[in-house]
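I set out to record what I looked up in this structure, entry by entry.

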Amino acid sequence: NGILYFNSDIFMKDIPIIAKVFDLGGRSVISKKITEEKIDLSEFENGIYILELQQRNKITKNKIILNKD
């Protein structure tokens, strides 16, 4: 369905997280503040993406394989 749920145990609950999604070419396809532990990728094609989550000085990066079939 394209909804990505993630566990943000390393982040504080009351502060928004900046979520960025990049394609493999390094182009930013999403950059927004989120308050829930999910991101809607349903408009994107199947493929591999990089998810970057940032809150203050904490940053995580993860590879996402999107397969909506």
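**Entry 1: Salt bridges**

I began with aspartate 23, which forms a salt bridge with arginine 27, the closest N and O atoms being 3.0 Å apart. A salt bridge here is a side-chain nitrogen of Lys or Arg within 4 Å of a carboxyl oxygen of Asp or Glu. I noted that this is a predicted model, in which local features need pLDDT of at least 70 and side-chain atom pairs count only at pLDDT 80 or more, while totals for chains, interfaces and linings use all residues. Residues are numbered from 1 along each chain as its sequence is written, and side-chain values use heavy atoms, with hydrogens and water left out.

I then looked up the accessibility of the two partners. Aspartate 23 is buried, at a relative accessible area of 16%, whereas arginine 27 is exposed, at 55%. Buried means under 20% relative accessible area, exposed means over 50%, and partly exposed lies in between (1.4 Å probe, protein chains only).

How many salt bridges does a search of the whole structure find? The search gives 3. One of them joins lysine 13 to glutamate 37, with the closest N and O atoms 3.0 Å apart. This pair links distant parts of the chain, 24 residues apart: lysine 13 is in the loop between strand S1 (3-5) and S2, and glutamate 37 is in the loop between S3 and strand S4 (38-40). Strands (E, at least two residues) and helices (H or I, at least four) are DSSP runs, numbered from the N terminus. I recorded lysine 13 as exposed, at 59%, and glutamate 37 as partly exposed, at 30%.

I also found a salt bridge between the side chains of lysine 61 and glutamate 52, at 3.6 Å from N to O. Lysine 61 is exposed, at 58%, but glutamate 52 counts as buried, at 10%.

**Entry 2: The sheet**

I looked up the strand order next. An open sheet is formed by 4 strands in the order S3-S2-S5-S6, with antiparallel pairing. Two strands pair if DSSP finds at least two bridges between them. S3 and S6 stand at the edges with a single partner strand each, so one side of each is left without a neighbour in the sheet.

I then examined S5 and S6, which run antiparallel and are joined by 9 bridges. Within this pairing, glycine 47 stands opposite leucine 66 in S6, and leucine 51 faces asparagine 62 in S6. The two strands form a hairpin with 2 residues between them, and arginine 56 in the turn has a positive phi of about 55°.

**Entry 3: The core**

Which residues have the most contacts inside the largest nonpolar core? They are Ile39, Leu41 and Leu53, in a core of 14 residues. Strands S2 (17-23), S3 (28-34), S5 (47-55) and S6 (58-66) each supply at least two residues of this core. A nonpolar core is a set of buried Ala, Val, Leu, Ile, Met, Phe, Trp, Tyr and Cys residues joined through side-chain atoms within 4.5 Å.

**Entry 4: Glutamine 55**

I ended with glutamine 55, which lies in strand S5 and is buried, at 3% relative accessible area. Its side chain reaches the backbone oxygen of isoleucine 15 at 2.6 Å. Leaving out residues up to four places away in sequence, glutamine 55 touches Phe11, Met12, Ile15, Pro16 and Ile17, where contact means heavy atoms within 4.5 Å.

Definitions and conventions
A polar contact is a pair of N or O atoms within 3.5 Å; within protein, one must be able to donate a hydrogen and the other to accept it, and residues adjacent in sequence count only if both atoms are side-chain atoms.
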